[in-house]
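Visitor: Please show me the model. I would like to walk through it with a few questions.

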Amino acid sequence: MELMDYLTTRRSIRRYQDRPIPTEGMEELIRIATLAPTGSGEQPWGFLVLDDKEEIDALSETIKGWLKENLEQYPWLARYEKWYTNPKFHVFNRANTVLLIYGNTQSHWYVYDGTLAASQVMAAGAEQGIGCCWIGFAQDFCNTPSFKQDHGVLPGYELVAALSMGYAEEHPKPPERKPAVMFGENKAK
């Protein structure tokens, strides 16, 4: 896929083929992620790959229950309550792979750097037919001390991005976008 094609047709993919991403493929995507721009050259990212389908399915159910129990802490998620209370809803879109990108908080730039790394993964994956979806529902649970300890995430790292990943089963049309909001002398007339 050509870069401009990717940039103009990119979509979050929520339906995947039942085909795992090979270990070598994930290693290459992570290597490409580490080539992302990084503030002050700090490279504060860390990566966790979940590729056990049963673990991912169980994690989805755990997150749904956890969100129901803790909704008062996350009022912006109330509008999605019908989703995560639906027994058929799967937080990770039934993906075979989940990539969690953490950032070392010693770097002021860790959120930006982790986000740029995620963008690199999404773009490089698209070239291989791998689609991704940024999973906001996983953000807080996968950043809890117990989850991070259970998965060997080093102290001082905070979750920046959670991506469900897999070979795309569908390629939805790009959505309509609003025109850019422009400020100053360059604003649209």
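Guide: Helices (H or I, at least four residues) and strands (E, at least two) are DSSP runs, numbered from the N terminus. This is a predicted model: local features need pLDDT of at least 70, side-chain atom pairs count only at pLDDT 80 or more, and totals for chains, interfaces and linings use all residues. Residues are numbered from 1 along each chain as its sequence is written, and side-chain values use heavy atoms, without hydrogens and water.

Visitor: Where does D52 lie?
Guide: Look at β1 (45-50) and α3 (53-70). D52 sits in the loop between β1 and α3.

Visitor: What is the relative accessible area of D52?
Guide: Buried means under 20% relative accessible area, exposed over 50%, and partly exposed in between (1.4 Å probe, protein chains only). D52 is partly exposed, because its value is 40%.

Visitor: Is T8 buried or exposed?
Guide: T8 belongs to helix α1 (residues 3-9). Its relative accessibility is 52%, so T8 counts as exposed.

Visitor: How many residues of strand β4 are buried?
Guide: Strand β4 covers residues 157-167. The rest of the structure largely encloses β4, because the buried residues number ten of the eleven.

Visitor: Which residue in β4 is the bridge partner of I101?
Guide: Two strands pair if DSSP finds at least two bridges between them. Strand β2 (residues 97-104) and β4 run antiparallel, joined by eight bridges. I101 has as its partner in β4 A161.

Visitor: Which residue in β4 stands opposite C132?
Guide: Strand β3 (residues 130-134) also runs antiparallel to β4, with five bridges. Opposite C132 stands M165.
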